[in-house]
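Thanks for joining; I would like to walk you through one structure, going slowly for those who have not seen it before.

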Amino acid sequence: MTRHKRLTAGIGVLVVAAGLGIVPGPAAAAGTASPKVTWGDCVAYSDAALESIGLPAEELPKVRALLARTDCGTVRVPLDYHKPHGEQITVAITRLRATDQKHKRGSLAVNPGGPGGSGYLMPHELALTSAQFAELNERYDLIGFDPRGVGYSTRATCAHPGEDVVPPEIPSGPLSEATAQKIYDFQALQNKTCVQSNASFLAQLTTSNVARDLDRVRAALGLKKISYFGVSWGTLLGQVYRSLYPQSVDRMWLDSVVGPAANRLDSRFHDATAADERKTTRWAAWVAERNATYHLGRTAGEVLAVVRRVETRLDEHAIVFSDVEREIDGSLASFLAVAPSPSYAEAAAGLAALATAKSGDPVPDALRPIIGPDEDETEPTEPPADRPEQFNDVAGTAILCNDDTSAHDFPSFWRTYRSWQMDFPIAGRLAVFTQRCAGWPVPAAEPFTLRRSSGSLQLSGHRWESPTPYEWIAQVQSRIGGTVFTVDDDIHGSVARVPACTVHLEAYFRTGRPDAGGCTGVTPPGTTSTELAVVTAAVDTTTSSPASDHWHWRRH
């Protein structure tokens, strides 16, 4: 059986870590040449291509109206900012022109996160799905861009080991040291082969270089200052950008803020796993309030005791259902306990079904949408030829690993992983199970210091989310300043998707006045304000992710 990495829910993608590596000198040197935009024809996307990236068929006329007032172009930037007159690469941009050009206030660049996520069509997605962003687009040009290595920019590619090199099979149950070593060795071979095939380009994929590219884009557009909205890794890009170019920043809102120490992947994943562990009590309190429905316990403690019992039982004797070949081990129980709030009900029903499930039975109805079919039963479909790239994994890994300053050897990883199992008895089981940068031969980028500036800055954090834990926002504020806006939910990057929150974002970019308040965000299903207070209190006393239809378990 193959064990798969769990994907964390959120806008864009959400492995979130990034590089703290900037030296002001190269950025200044690159400024000796005046950048400019080479404008060209925009891609004439087919309906199939637009639908393949999640745009509803009934919305396509609106999408095409947005595309009709879009400018598309590229900006040449140095591959290596230490060699500004050396090899050049291109950064692809879009400009969704403001509808009221006469009263235009400025330009607003956007980034969805990653690293490795495409922002090329992000202006269109925001204007289509958010009435508040559509209103901002009246007086702001919305600027989308593909970071270096992604999409229509100079794209990251690399070679992989031969077909005879296959991922190790991973038994059900807790991860053993021997199996972890096999996974590590496989990852190391993948990384070494990749880098060696494209070393000079991949070595220049860093958060700091993307920030430098963004300032070249600003200058090429003829802008003295640019505003910015970033989510997830895009918040670190924003922090780096304003630290390097404080004079270039107009207004900036960063949502789901990456912490200043998140360039250490070991620290980043520790904090995210700790946040997942805290989430279990919030979910369990919600379930306990509905014991008449789920019969899993009258208190959060009783519900979590059921989780542990089921986890232990399935680790000792994994289940194989009659209609799914995969073994179901205890990690499924842990997965259900860290469900995102839109999936609370599904997780509770799933745990109730799992508690009495037996090998040989068909998959219970409550678990079927969570487990999904076996991978070999799903027929891969060929994407449309003109489908824009949404995520470039090579670029994402390169940025993470070029910037990562944590130890990459196996003994260090294994000690860290084992400590997570001790410290986080439920969520530790779901922690990243290999050193992603194993064998990465490029040394970490130069360190830099995040700098406080007097420019306008709004930071928004989500009290219960785990990809970018809430405590990171205070760490960032202490480094670079800004005003904190609190979203009382667990959904990564939800500010742009919840109108009651987005209205605050719109007001900030319209007036420039920071907002120290907050919004409710996404609440658990059927939760009244009184019940929400009960849930919140239950979590507070025990502690000193995408839409629910994308919430699926894969044993890892």
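Predicted model: local features only at pLDDT ≥ 70, side-chain atom pairs only at ≥ 80, totals over all residues.

Let me begin with helix H18, residues 471–480, in which Trp472, Ile473, Val476 and Ile480 are buried, where buried means under 20% relative accessible area with a 1.4 Å probe and protein chains only, and where helices are DSSP runs of H or I with at least four residues and strands are E runs of at least two, numbered from the N terminus. These residues lie on the same side of H18, because they cover an arc of only 100 degrees around the axis, the arc being that of the directions from the helix axis to the C-beta atoms.

Residues are numbered from 1 along each chain as its sequence is written, and side-chain values use heavy atoms, with hydrogens and water left out.

What covers the buried residues of H18? The cover includes helix H9 (233–244), helix H10 (265–288), strand S8 (458–462) and strand S9 (483–487), with contact meaning heavy atoms within 4.5 Å. After H18 comes Gly481, whose phi is positive, near 85 degrees.

Turning to Leu202, its contacts, not counting residues up to four places away in sequence, are Ala156, Thr157, Cys158, Cys194, Val195, Val394, Ala398 and Asn402.

Technical notes
Buried < 20%, exposed > 50% of the residue type's maximum accessible area, 1.4 Å probe, protein only.
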